[in-house]
Amino acid sequence: DMYYVDYANEKCAKDCEEGTGSCAGSPEDFSIVLFDSAESCCGTLLGWLDTAACVADTNNGGCLRAKMDPSNGNTYPDADGYVTVCFAGELSDTSGSMNVYVKSLNASSTGGVHIH
């Protein structure tokens, strides 16, 4: 299978018959660049995203992203970035991964999360 960037959903899409597995169908624009893997697609053209979360979202769905803004009463005026939580079923139905990225610090942290 090949992959292409789905900028509207900030993930890559699998180029195969739509409706089968995690397939998104073929791109409408045939000039779109295709990649051999979700990792290559996410890492090359969606570099502002956490690659692992992008790949999980591409292959399985199940990722949520929340944006952090400096508009939190100026308590932390430099807070700018995002939190991504993915439940892709790698560990169990209630376990997943979480990635926090703070743009102003150019720092990120990844860990596990479990819902009871």
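Biologist: Which residues does Cys-12 touch, not counting those up to four places away in sequence?

Modeller: In this predicted model, Cys-12 touches Tyr-4, Val-5, Asp-6, Ala-38, Cys-41, Cys-42, Leu-46, Cys-54 and Thr-58. A contact needs heavy atoms within 4.5 Å.

Biologist: Let's take Cys-41 from that list. What makes the pair Cys-12 and Cys-41 a disulfide?

Modeller: The distance between the sulfurs. The limit is 2.5 Å. In this pair, S to S is 2.0 Å. That is within the limit, so Cys-12 and Cys-41 count as a disulfide.

Biologist: Why is the disulfide of Cys-12 and Cys-41 called left-handed?

Modeller: Look at the torsion about the S-S bond. For Cys-12 and Cys-41 this torsion is about -95°, so the disulfide is left-handed.

Biologist: What makes this a link between distant parts of the chain?

Modeller: Cys-12 sits in strand S2, and Cys-41 in helix H1. They are 29 residues apart. Both Cys-12 and Cys-41 are buried.

Biologist: How many disulfides are there in the whole structure?

Modeller: Two. The other joins Cys-42 to Cys-54. Their sulfur atoms are 2.1 Å apart. The cut-off is 2.5 Å, so this pair passes as well. The torsion about its S-S bond is about -75°, so the disulfide of Cys-42 and Cys-54 is left-handed. Cys-42 lies in helix H1 and Cys-54 in helix H2, so the bond ties together parts twelve residues apart in sequence.

Biologist: Why are Cys-42 and Cys-54 called buried?

Modeller: Buried means under 20% relative accessible area. Cys-42 has 1%. Cys-54 has 3%. Both values fall under 20%, so both residues count as buried.

Biologist: Thr-58 was on the contact list of Cys-12 too. Is Thr-58 buried or exposed, and how do you know?

Modeller: Thr-58 is found in helix H2. Its relative accessibility is 5%. The limit is 20%, so Thr-58 counts as buried. What does its side chain reach? The backbone oxygen of Cys-54, at 2.8 Å.

Biologist: Back to H1. Which of its residues are buried?

Modeller: Ala-38, Cys-41 and Cys-42 are buried in H1. They cover an arc of only 90° around the axis, which puts them on the same side of H1. An α-helix has 3.6 residues a turn, so residues three or four places apart point the same way.

Biologist: What makes up the largest nonpolar core?

Modeller: Eleven residues in all. Among them are Tyr-3, Val-5, Cys-12, Phe-35, Ala-38, Leu-49 and Val-55. Strand S1, helix H1 and helix H2 each give two or more residues to this core. H1 gives the most, with three.

Biologist: Now the charged pair. Why is the contact of Lys-14 and Asp-1 called a salt bridge?

Modeller: The rule asks for a side-chain nitrogen of Lys or Arg within 4 Å of a carboxyl oxygen of Asp or Glu. For Lys-14 and Asp-1, N to O is 3.9 Å. That is within 4 Å, so the pair counts as a salt bridge. The structure holds one salt bridge. Lys-14 is in strand S2 and Asp-1 in the segment before S1, 13 residues apart.

Biologist: Are these two partners buried or exposed?

Modeller: Lys-14 has 14% relative accessibility, under the 20% limit, so Lys-14 counts as buried. Asp-1 has 60%, over the 50% limit, so Asp-1 counts as exposed.

Note on methods. Residues are numbered from 1 along each chain as its sequence is written. This is a predicted model: local features need pLDDT of at least 70, side-chain atom pairs count only at pLDDT 80 or more; totals for chains, interfaces and linings use all residues. Side-chain values use heavy atoms; hydrogens and water are left out. A nonpolar core is a set of buried Ala, Val, Leu, Ile, Met, Phe, Trp, Tyr and Cys residues joined through side-chain atoms within 4.5 Å. Buried means under 20% relative accessible area, exposed over 50%, partly exposed in between (1.4 Å probe, protein chains only). Helices (H or I, at least four residues) and strands (E, at least two) are DSSP runs, numbered from the N terminus. A polar contact is a pair of N or O atoms within 3.5 Å; within protein, one must be able to donate a hydrogen and the other to accept it, and residues adjacent in sequence count only if both atoms are side-chain atoms. The arc is that of the directions from the helix axis to the C-beta atoms.
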